[in-house]
Amino acid sequence: MAVATMPAPSAKADFRTCPVTGLKVDLAAERLIIVNAVAAVVFLLIGGFYALLLALTRWQAIHLLPADWFYRVLTGHGFDMLVAWIVFFEVAGLYFGGAVMLNARLVAPKVAWLAYILMVVGAVLVNVMTLVAPFDQGAVMFTSYVPLQAHPLWYLGVILFAVGALVAVFIFFATIITAKKERTYEGSMPLVAFGLMAAAIIAVYTLLSGAVAYVPTFLWSIGILPSIDPAFYRNFFWSFGHPAQQINLAAMVAIWYGLAAVTVGANPVNEKLSRFAFILYLFFINLGSAHHLLVDPGYSFAWKATNTSYAMYLAVLGSLIHAFSIPAAVEVAQRRRGFTSGLFGWLKNAPWREPGFSTLVISMVLFGFIGGTTGVVIGTEQINLLAHNTMRLPGHFHATVVAGTTLAFMGFSYYLIPLIFRRKLRLVSWASWQPYIFGLGMALVSIGMIVSGLQGVPRRHWDITFSGAPIDVTLPGATQISLAIMGVGALIAIVGGIMYLAVILASVLTGQKEEARRLTLVMSDQNPLVEHALPNVGKEPEGKESPRGTLVIGVIFIVTFMIYYLSNWWLLGRGWFIR
Ligand code: HEM
Ligand SMILES: [Cu+2]
């Protein structure tokens, strides 16, 4: 990422020059990044409050909410977190990657404001309807599986939000095309922007599938269409709902590369390979959508087998490439600084108090070791049967989308405060600790959920005593313990969440207005990215610089994965007593 000399930015927009990075920042883009990021944080706040209520309800010993409020809150939490928080933040990220990182002007800022308003109105509408619509029209979960029928305004809210998001994605494309035409940057597009572009491409077909699912459903809710085929709905819903997670994945990985560059000056060891890994996502990751439908009747064996075939693992391969490439880049950068002792001297001497670095490591470790391993099991046709619709599912995705994506976004947002909000970061030592507390909490939440699921606790279920059920079901007593682990983890994670919100809100509302002076927040004045004090940048690492420590971590990962994966096959073998 060269930041020294940049070609002149395009005309027709107001720019300032960032004193730290030398980038030309379009002021219209800057304002839009700010409002989208603020909206994201507001929904994180609401969704976080709901998270507390949910965790205290699923923690069976407390069982806080009555059934109807549990399902309403579950609907609100799913939407506010997975849709509103993440997508608002991604739109901010797209404008950052498309305009700021490329020195370019944001194309059609007025339209971008319109997109923003559509998204805000849509999200508010969904939230209000979830709480006030009659129970069976409000508590439909964010999946709103047909024949459940939500309130028409609920569907309308989802559609408005999605249209706004689609417009934002097109503005991003128009911006990067214009940047290329107006030659606002030199050489090829920076890797971070490239990753965001991959996310945006996935977003297009994701949002179009969403339209195919939601528009007919909306028409059905106002009586124009007589009925909707549930299998049709579920297929298109998941062509939207699952790739939506791949947008998050690609955006998160892009941010990982960014955080590694900012905090230790890491350069991808083989940038072409990293780009190729993003391209693998584009082609193969959508196959994973089928895992939601593996126990559905109606889909043929051929359909299920194709979608769970080896091709799915090409997307996993993409993730494995990133999972090796990023720590290897960090290791090489650290070794070039002179931290060459032993296998892990580079890690020991890393900037652990710098929130961008700790979020990077915690997010990668929890995403990979917990989220990735459990995800592959869920995507494998046979062993999916053991996990389907149990608490292992929320256990899996709280490791991916919360401990992974949300934490990475939190880490990245700290840097937006000085660079884009142009305010002094307040409560800096809280920002240093926050990733650890949130990460620890989410690790316990995920593990508690996964272990509960392994013992048969269903997801989305208020009454695990199954009172009045025609068949008696008793869950093992140990579920009390695993659910308590989840509950305690939730309390810790909520503390981490409150710390995050406190840092951000205090900085945005009361932080001193000033121009950024350096890229890092806690580390000394040295600026790993700009300083380029690293000799041999761009050369193949050799000898002392080769990423041996990362190789060892990679082997540990593969072994962990094998143990979890194979023990599931073993469990499957014990599931049926065929003699
Ligand atoms: C402190 C942080 C959080 C805690 C303690 C938490 C806890 C929970 C709990 C207890 C459930 C209910 C599981 C069930 O009964 O099936 C749940 C569901 C869910 N959570 Fe979280 N959560 C947190 C943050 C997040 C974030 C940041 C996201 C997304 C980015 C998220 C996405 C979801 C989704 C999609 C569901 C499923 C909703 C559904 O089944 O319809 N959560 N969460
Ligand atoms: Cu999925």
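The structure is a predicted model, in which local features need pLDDT of at least 70, side-chain atom pairs count only at pLDDT 80 or more, and totals for chains, interfaces and linings use all residues. Residues are numbered from 1 along each chain as its sequence is written, while chains are lettered from A and ligands numbered from 1 in the order in which they are written.

**Helix α8**

- Helices here are DSSP runs of H or I with at least four residues, numbered from the N terminus.
- The expected span of a helix is 1.5 Å times one less than its number of residues; for the 14 residues of α8 (271–284) that gives 20 Å, which agrees with the 20 Å between its end C-alpha atoms.
- A residue counts as buried if 20 or more other C-beta atoms (placed from the backbone) lie within 10 Å of its own, as exposed if 12 or fewer do, and as partly exposed in between.
- By that rule, S274, A277, F278 and Y281 of α8 are buried.
- Looking down the axis of α8, these buried residues fall within an arc of 95 degrees (taken from the directions from the helix axis to the C-beta atoms), so they line one face of the helix.
- The face turned away from that buried side carries the exposed residues K272 and F283.
- Two residues are in contact if their C-beta atoms, placed from the backbone, lie within 7 Å; the buried residues of α8 pack against α6 (191–221), α7 (230–264) and α10 (311–336).

**Helix α3**

- Helix α3 (109–132) has 24 residues and reaches 34 Å from its first C-alpha to its last, close to the 34 Å expected.
- Its buried residues, including A112, M119 and T130, pack against α1, α2, α4 (135–138) and α5 (152–181).

**Around ligand 1**

- A residue is near a molecule if its C-beta atom, placed from the backbone, lies within 6 Å of it.
- Of the 26 residues around ligand 1, A51, G78, M81, R459 and A490 come nearest.
- Helix α2 gives the most to this shell, with seven residues.

**The nonpolar core**

- A nonpolar core is a set of buried Ala, Val, Leu, Ile, Met, Phe, Trp, Tyr and Cys residues joined through C-beta atoms within 7 Å.
- F88, A250, W256 and A260 touch the most other members of the largest core, which has 183 residues.

**Loop residue E354**

- E354 sits in the loop between α11 (345–348) and α12 (355–379).
- E354 is buried, with 24 other C-beta atoms within 10 Å.

How values were computed. Helix = DSSP H or I, 4+ residues; strand = E, 2+ residues; numbered from the N terminus.
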